[in-house]
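Visitor: Please show me the structure, and let me ask what each term rests on.

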Amino acid sequence: MALNSLRDRVRAAVTPTVPVDGTVQELAEGAQSAPSDRMHEAAQGETGEVVDLVATWLGRYGDEFTKALPSHMDAVSFLACVRRVLPDLVQCTPASLLQALLACARFGLLPDGRHAVITREGNVASFVPMAQGYVELMYRSGRVGSVHVGLIHEADEWSYEPTAPAPLDFVHKPAVTLPKKDRGPVVLAYAFCWMTSGARSQVIVLSREDAEEIRDEYSAAYQRAKEAGSDDSFWHTDFDRMWAKSTLRRLHKVVPLSAELVALAKVDDAGDAGEVQVVHTPAEDVQLLADAVAAHEAAEASQEPAAPAGPARLRRKQPQRTSRAHRKQEWARSGEAGRRDQTRHLDRKGRRKGGRR
């Protein structure tokens, strides 16, 4: 059976019924078993036995990565970047690792820590796009000319007046001449973009309190780490970057989106919730694009209530106009019908029936 969509290829790769050779079976047994100190030590070095084993196994799926990657990226450079992060991922199950990497390849993002990250929670690998990854996909949409994401420190000079015309509504002048310790803590994060048409989007501004509310309400990974008493989620280890990423997620609500950006957000949400990250097929991308356009049009629609509809106006029905020839034909037919009707009441001698003879 031909595997045309990436969804089918992912399922085929991770389904246990797919035949595997001894090397891949050995990898699966080693990665799914309880981690040992010896395996962990071997995995720390780039030339470690376990890292080489995982890299060799991933090389068997080179064709699948080539099909998933966009045209401007090749599988060799992508897998070379993956190899640098394998020491932290060799304890993941092969199925989750392959699925996370294929999802990363589908969006053309390198797992380099800036564009995307492959995280490990227990023995499950997940694909997590970072702020720079969202920016990269916004540029690829062809509608965005430039994206600006920034953090405002306490000592920076800034002003925000939403009712003023762009670009006078928002000004940020970082105090870059001051040492980092003198700039003070971050007080705001913002994001906006200039469109290729020359228009500028709305400026999204989030305070620390806003970011904490987003974290507490939407980040399942943060809640799981909090319940487990650990501090290894991204909201724990890199709060400012997740803060900036949240501004970009909010920015998507006020700028035209591509189907790829909508799919990225859905995969990002699934990974954060601990669900299976299955990338979308081209047919689903069409529906995602339609949803994105509908959401953008709804956001841009006027908020004023519609004017009440007045009573329907009654129109006088106009008589149907006919031609003179048509009227002559109607008159001829009516005269002939009248003569036939009169003939029915006459006898053979031309007298009326029922009259005197």
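Predicted model: local features only at pLDDT ≥ 70, side-chain atom pairs only at ≥ 80, totals over all residues.

Visitor: How many helices and strands does the protein have?
Guide: There are 16 helices and seven strands, where helices (H or I, at least four residues) and strands (E, at least two) are DSSP runs numbered from the N terminus. Of the 357 residues in the protein, 36% are buried.

Visitor: Which residues in H8 are buried?
Guide: In H8, Ala-131, Gly-133, Tyr-134, Val-135, Leu-137 and Met-138 are buried. Their cover includes strand E2 (124–129), E3, E6, H13 and helix H14 (259–272). Just after H8 comes Gly-142, which takes a positive phi of about 85 degrees.

Visitor: Why is Arg-215 called buried?
Guide: Arg-215, which is found in helix H10, has a relative accessible area of 13%, and it is therefore buried, since the limit is under 20%. Leaving aside residues up to four places away in sequence, Arg-215 touches Tyr-222, Gln-223, Trp-235 and Phe-239; to touch is to be in contact, with heavy atoms within 4.5 Å.

Visitor: At roughly what angle do the axes of helix H10 and H13 cross, and what is that arrangement called?
Guide: The axes of H10 (residues 208–218) and H13 come within 10 Å and cross at roughly 85 degrees, which means that H10 is roughly perpendicular to H13. Angles under 35 degrees count as roughly parallel, over 145 as roughly antiparallel, 65 to 115 as roughly perpendicular and the rest as oblique. Axes are lines fitted to C-alpha atoms, for helices over the stretch in contact, and angles run from 0 to 180 degrees between N-to-C directions.

Visitor: Which residues in H10 meet which residues in H13?
Guide: On the side of H10 they are Arg-208, Ala-211, Glu-212, Ile-214 and Arg-215, and they meet Phe-239, Asp-240, Trp-243, Ser-246 and Arg-250 in H13. By class, this contact of H10 with H13 has four nonpolar, one polar and five charged residues, where Ala, Val, Leu, Ile, Met, Phe, Trp, Tyr, Cys and Pro count as nonpolar, Asp, Glu, Lys and Arg as charged, and the others, Gly among them, as polar.

Visitor: What is the order of the strands in the open sheet of three strands?
Guide: The order is E3-E6-E7, with antiparallel pairing. Strand E3 (144–153) and strand E7 (204–207) are the edge strands, as each pairs on one side only. From one strand to the next, the twist averages 10 degrees.

Visitor: How many bridges join E3 to E6?
Guide: Nine bridges join these antiparallel strands, E3 and E6, and two strands pair if DSSP finds at least two bridges between them. Leu-151 stands opposite Ala-189 in E6. Strand E6 (residues 186–195) pairs with E7 over four bridges, again in the antiparallel sense, and there Leu-188 stands opposite Ser-207.

Visitor: Why is E6 called largely enclosed?
Guide: Eight of the ten residues of E6 are buried, so E6 is largely enclosed by the rest of the structure.

Visitor: Which strand do six bridges join to E2?
Guide: Strand E1 (residues 116–121) is joined to E2 by six bridges, and the two run antiparallel. Ala-116 stands opposite Pro-129 in E2. The hairpin of E1 and E2 has two residues between the strands, and Gly-122 there takes a positive phi near 75 degrees.

Visitor: What is the mean pLDDT of the protein?
Guide: The mean pLDDT is 74, and 65% of the residues reach 70 or more; pLDDT is the predictor's confidence in each residue, from 0 to 100. Over residues 28–47 the pLDDT stays under 50, and over residues 299–309 it is likewise below 50.

Methods. Residues numbered from 1 in each chain as written. Heavy atoms only, no water. Buried < 20%, exposed > 50% of the residue type's maximum accessible area, 1.4 Å probe, protein only.
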